[in-house]
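Reader: I am new to this structure and would like to learn how to read it. Please take me through it one feature at a time.

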Amino acid sequence: MESSFKKDFSAERLYKDAEELIAKGNHIKALEILEDLLSIHWKANDSWLLHIEQGNVFVELAQNAEDRDMEIAYLLGCVACFSQHVTVSELCAQSLCMLAKNLASVSHYKKCVKKAKEALAETKAKKLSSATPMGFRALVTQKKEELERFIEVAEFKIAASKTSPLQKPEPKVRESKKSPEPSKDEFKRFRSYWVGLDVKIKRDFLKVSIAKLISFVGGVHKRNAQDALEQVLASAKNDRKWTFWMCRTKCSKKCSSAEECRNHFEQEHDADFKPSSEKDIVKRIGKDWVRKISVGDWEPVDAVAAVEMIKNQLADVKAFASKAKTGWSKEWPLAVDEERKQLLKEIKLLLVSFCELKILSGSMRDWVMHFPVKYLGKLEVSKQGLIDSHLSETPQSICFLECHELNQILDFLKTIKCKRNDGTDQVCKAVDSVLDRIQVKVKIDVDPQFSFLLLNKKLLTINDVPFNDEGTINVFDPSVYYAKAQVHGDDIISWLTDYSSVDKTFPRPVREHNFGIWMAVLKAAQFTCRTLGTKYAKKVQLLDYAAALTVVENMCVSEDERRRNLPEDQWSRYASLLCDMCEERVPENSLTTKLFVCAVRDVFEGALHPTFDVPDLENCLNLIREHKSLSDDKVLQAIDLLRSVVTQKVLLIDTKILLIDNSRISLLNNLTRLSAFDNRTYILHVLKPFLLNEIVNMESKAKSDAAEANLLNELGKEKQQSKEKPQSKEKPPSKKKRDKSKKKTSTSNPSPLDKTVEHLEPESTSPSLRTVEEDSMEPEDALASETGRLEISSRTEIQEEATEDEPDMHREDSLSEHLEPAAGEVTTRYNSALDMTLKALLNIKIFKEDLMKNRQPFQDHGEEQVPSALQNLFDAFVSEVIRNEGVYSCLLSDLLTSQEEFLSMSSDAAKVVVAVLNFWRCWKNPERESLVTRLFTLADNKIMSCRKCRRITNFPVQNCYGIVMAADSIRELKCAFGNIKFVDILKLIRMGYKMLCDNKTGGCGKKSYVHHIIRRCPPIFTIVLEWEKSETEKQISETTKALDWEIDISRLYEGGVEPNTNYRLVSMVGCGEGEEEHICLAYEKNRWVNLRRECLAGEDVGNWKSVVRFCGERKVRPEILIYEAVRLMT
C-alpha cells in the first residue's frame, strides 16, 4: 500500500480544488478531479478520503436529481464509494438506508443493518476514558445513537415486509425543460415564408455546403469551435460514421464499436469478475438446451412401457430418438396421469422463465437431470442405454419421473428468486431518459466529394423522422437523392427551432458529456462486480465444505470395506474414526482442517445447515469427543442431509450469481450507451442556426429585391410626371425629410440579419444615401459605416483625431455638426439626454478612480484649454461635493450655459454620449493618453480571411467607443434562437458584416466574414441600441430580457482578449414614451436605482429582473449600456 496521496503536492492541490468546487456547488467537475486522483492513488493508505468525497458528491447529485430513477442511480454510485472501506461503514449504512427506502428493498435494509452493526461495533471498541474531551465523547455518543436509529428503522421495515410489501415513495415530478421557442410572430413568419418557397429551393435547402458551414462557424464562434467542427468533419470523412465511444475516465480510450468499449471496461476498469479457478465459473445453459426446454410438450411418459422398449426394441428406440431434432419424440408411450401432467407443466413454466431471465445454470440442469438418471437406474436402465436412447440429452427424460421426484424438483425450483431489486431497472430508465433528451434523431449523409451534408429528405414532410442510432454515413448523389423527395408542410421549421437534442455548450470536451450519470453507472457496475466476488467466495467456501463432507463420507466407505474381512466385534464406529482424524489434523490449523472439523461437528450434532465459524478448535474437539459413540446410521443420515443442503445452496448461489451478472451486464450495456458520442450533436449545434440564418437571408433578399423593384417603379413614375408637369421652384426637401422618405421606401419588417447586412455592406448602399458626416471621412472609414449611424462612435472618433491635428480648431466647433442644432429653436437650460448621460458616466467606478489620480490636466499655450465648467464638474465629482443638494443642478446648468451651442439642443442620447466623450478628450497631459482614450476608446482592427482564395486583408485600425446595434434585431434573434446569450446575439449580428475580397488588389471578389481584433481591452465598453420609437410594451420588455448584466467580450473580439474577459453593466440610459424624456438606471450598493432629474438621488428599482419589469411597464427603451471590466471592479 502506498503512503498518503497528500504527500504528492499536485495531488493535494487537486484535492483542495475538488473541495472548493464542492463548496461552490460544481459537483461534476469535482467528481472528475476526484476520479482522476483515484486512478493514480487508489493504493494510497488514505484513498478512503477520496471515496468519501466522491460519495458525498453522489449524495448531493441524488438530492438534486430531477426524478426518482436518476436519484437511485446516484445513490448506487454513493453506496459503491462508501462500501470501499470499513472506516466509512456509518456513511455506507446511511446511503443503504436511503437506497432501500427508494427501492422498497428488504435486501438493502438487511445490508443497512449489517453495515450499521459493523460501525456500531467499531464505535463501542473505542474505549473512552475520563480524560477524553467532552466534545469528542458527545460526537461518539451522537454517532452511536444515529447507528442505533438506522438499525431500528431497518429492522422495523424488514419485519413489516413479512406481512405486506414495502411501499415505494411517491415519484418525483420532473419539470419539462423545453428549449424556448421563437415568438409566435417570428415562428409564423418563418412558416409562411417556407410554405411559399419553390419545391426545388426546398430540396436544395437540405443540401448544406460544408465550406459555407465552416465559414459561418468562423464568423460566429471562436477559432477552437471552428477547429472542432473541422476535426469532426475530417473524422466523419475517414470513418464514414458519426458515432464513436469514449471512456470518461482519465484514460480517455476512444473505441470504434460498442463491443470494443465493453471489453475495455471489463479489462481495464473492473467491470467484470472472474473467479480464480475456471471450474468455479457459473455458466448458463446453451441455446440448444433452451430450445429443447421451450418447445417440448412435457406430457407424462409411461416409464415401465418405455423401459421395456429400451430393453427389447433398442434399435427402434435409437432410430426414432436420433430423428427427434428438438430432443422430443412422440414415439414414447404416454401415461394418462393428470397429477404428473400438472406437475410437469409447472416445472416447464419455471424452467422456461429461468431461460428467458438467463438464470438457468448448467449445474441446475445437471441437478434436475440427475433425477431421471437415478430413477431409470432403479428400473435397470444402464448408462449406455440412456446414451443410446438419447434420454441423457433431453429434458423429456424428466417426463419419466413419478410424482414424488417431480414434487422434489418443483419444490426446489419454487425457492429460486427470479428478480433482484437492486436498482438496475431504475438505472436503465434513468439512462433512457438522459439519452432520449440528447440522442440525435436525424440522419446526415454526404455527397461523393464530401462537399455537402445531405439531411434526411423526410424532413421535408415530417418533423419526427425515423430514429437512426447507428450513426452511419451513406454517400449519395444529391441530384438523385432529392430528385423525387416529397415536399409538403412546414414541420422543418419546428425541427430547426427545436434545440432539445443540441448541446448548449460548444465545443465542449467529450469527457464532460453526461459525466455525472456516467460515473454513477460505472461505480454501480464495479460495486456489482464486488458483490459477484463476495458470492463466488461464498460458493468456494461451500464447495470446500462439500469436499470436507466427501472426505468424511469416503472414510465411512473405507471402513465399510475394511469391515468385510473383520468380525463385527472388531468394527470401529464412524464417529470414533472421525474423531481420531480430527485429532490428527488439528495441529495443521489450515483452512482445510478448520472446514473438516466444522463438517464433522455438524454431522455429529445433526445440523440442518453447514456452519463455518470455528472460534476455538480445542472447544470444537471437545464437543466432537463427546459424540464418539454416535451410531453409524445417524452419521450417514447427517452426511446425506448436509450434502443435499450444501448442493442446493450451491445451486441457489449459482442462480444468484447469474442474477447479479445480469445486473452487471445491464449496467455495463448502459455504461456503453452513455459512452457513445454522436458528432452530429456538434454538427447540429451550428447547423440549425446556419439553416435558420439561410432562411432569414433568403427572406431578406426577396424583400430587398421587391423593395428595389418597387423603388425603380416609383422613380419611373416620378420621372414620367416630371416630364408632364412644369418644374417647381420650391426648395429641395430637408435632410430629415429625405431620411424619412428613405425609411418609407424600406421594406416592412426586415429580418434581424438583413438589417445588419444593410448597415455593414458598403456595396449595397448608394452613394447618394451617405450622410453629411461621411463626406469628411477617409475612404477606409467610410467602408465601415457607409449607411449612417451604426458606427456613429467610430466615425466620430476618427474624425476627432483628424481635428486634433489642427491647433486652431476648437473642440466645440468640431462637435456641433454631430448634434444638429435646429435653427430657430429656443435654447433651454435643461437637456434630459445630457443630464442622464452624465449621470451614467459619473457612476463608473474606474472613471472616478482615474480622475482622482489625474485631477489636474496639463495645459500650456500650445494645448486647448479645459473649460472651467468641466473643471468644476470633475472637481465636485472627485470631492463628493456634487452629492450635496443643488450642486449637481448648478453644475449641469453651468455646463449647458457655457456649451449651449452644441449641448443644449440634442435629444439623442447616443449622439450626446459621443459629444460628451469628445468634449472630455481635452482632459489629458503629455505624459499619457487622454482620459477618454485610456478608459473608453477601443482600437478595432478588422481582418478578413477569404474562404475561397485564402487571401488575408488587413483594414486600417478604427477607434471607437463601443458598438451600435439595432434593438429590433436583438429582440428578433432572441425570439428566433431562444436560450442564447446577449453577447452571442451581438456576435450573430456581426456575422452579417461581410466585405469583398478586392479583386483590384489580387482578390477573388467574393464576400467573407470579418474578424475583429483588439490588442487592448478598454476599462469601459459602451453599447448603443437604436430603436424605431414605435415599440409596444411587450417588444420593449422582450428586448430588455435579451440583455445581460454581464458579458464576455472575448466572444466579440479576438487577439489580445483572454477568454472570459467579463464586463458588468454599471449604468444605463433609456428613453421614455416621449422622445425628450430620458432616465438613468445606475447600479449602486448591489441595487439598481432610477436617478431623478437634476440630482444624484434616486428611487430603488431592485435587482436585474426588476429592471426588466421596470422598462416594460414604463415603456423605457434602453439606449446606452455602459459596461465596466469586472477585473477592475474587484
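**Reading the model**

Author: The protein exposes about 55200 Å², and carbon and sulfur atoms supply 51% of that area. Keep in mind that this is a predicted model.

Reader: How many helices and strands does the protein have?

Author: There are 45 helices and 20 strands in the protein. As for burial, 51% of the 1130 residues count as buried.

Reader: What share of the contacts between residues at least 6 apart in sequence join residues at least 24 apart?

Author: That share is 76%.

Reader: How should I read a salt bridge?

Author: Start with the general idea: side chains of opposite charge can pair when their charged atoms come close. This structure holds 48 salt bridges. In one of them, the side chains of aspartate 272 and arginine 664 meet, with 3.4 Å from N to O. Aspartate 272 sits in the loop between helix H12 (258-268) and helix H13 (287-295), while arginine 664 belongs to helix H27 (residues 632-675), so the pair ties together parts that are 392 residues apart in sequence.

Reader: Are aspartate 272 and arginine 664 buried or exposed?

Author: Aspartate 272 and arginine 664 are both buried.

Reader: Which residue forms a salt bridge with lysine 414?

Author: The partner of lysine 414 is glutamate 346, and their closest N and O atoms are 3.6 Å apart. This pair also links distant parts of the chain: lysine 414 is in the loop between helix H19 (403-413) and helix H20 (424-438), glutamate 346 is in helix H16 (residues 338-357), and the two are 68 residues apart. Lysine 414 is exposed, at a relative accessible area of 51%. Glutamate 346, at 25% relative accessibility, counts as partly exposed.

Reader: Which residues do salt bridges with shared partners join into one network?

Author: That network is made up of Glu266, Asp272, Lys274, Arg284, Asp661 and Arg664.

Reader: Which residues gather in a patch of positive charge on the surface?

Author: The patch consists of Lys110, Lys162, Lys417, Lys538 and Lys656. Of these, lysine 110 lies in helix H6 (residues 106-125).

Reader: How should I read a positive phi?

Author: Again the general idea comes first: most residues other than glycine have a negative phi. Tryptophan 298 is not a glycine, yet its phi is positive, at about 55 degrees. Tryptophan 298 is placed in the loop between H13 and helix H14 (303-312), and it is buried, with a relative accessible area of 2%. Lysine 1115 also has a positive phi, near 55 degrees. Its place is the loop between helix H44 (1104-1113) and strand S20 (1117-1125). With 28% relative accessibility, lysine 1115 counts as partly exposed.

Reader: Where is tryptophan 1045, and what is it in contact with beyond its neighbours within four places in sequence?

Author: Tryptophan 1045 is in the loop between helix H43 (1033-1042) and strand S14 (1046-1048). Leaving those neighbours aside, tryptophan 1045 is in contact with Tyr1063, Arg1064, Leu1065, Tyr1083, Trp1088, Trp1104 and Tyr1123. For arginine 1064, which is 19 residues from tryptophan 1045 along the chain, the C-alpha atoms of the two are separated by 5.9 Å. Tryptophan 1045 counts as partly exposed, at 28% relative accessibility.

Conventions: Residues numbered from 1 in each chain as written. Predicted model: local features only at pLDDT ≥ 70, side-chain atom pairs only at ≥ 80, totals over all residues. Heavy atoms only, no water. Patch = residues over 30% accessible without salt bridge, like charges linked within 9 Å, V, L, I, M, F, W, Y side chains within 5 Å. Areas by Shrake-Rupley, 256 points an atom, 1.4 Å probe, with all protein chains shown as cover. Salt bridge = Lys/Arg side-chain N within 4 Å of Asp/Glu carboxyl O. Lys, Arg positive; Asp, Glu negative; His and termini not counted. Charge placed at Lys NZ, Arg CZ, Asp CG, Glu CD. Helix = DSSP H or I, 4+ residues; strand = E, 2+ residues; numbered from the N terminus. Buried < 20%, exposed > 50% of the residue type's maximum accessible area, 1.4 Å probe, protein only. Contact = heavy atoms within 4.5 Å.
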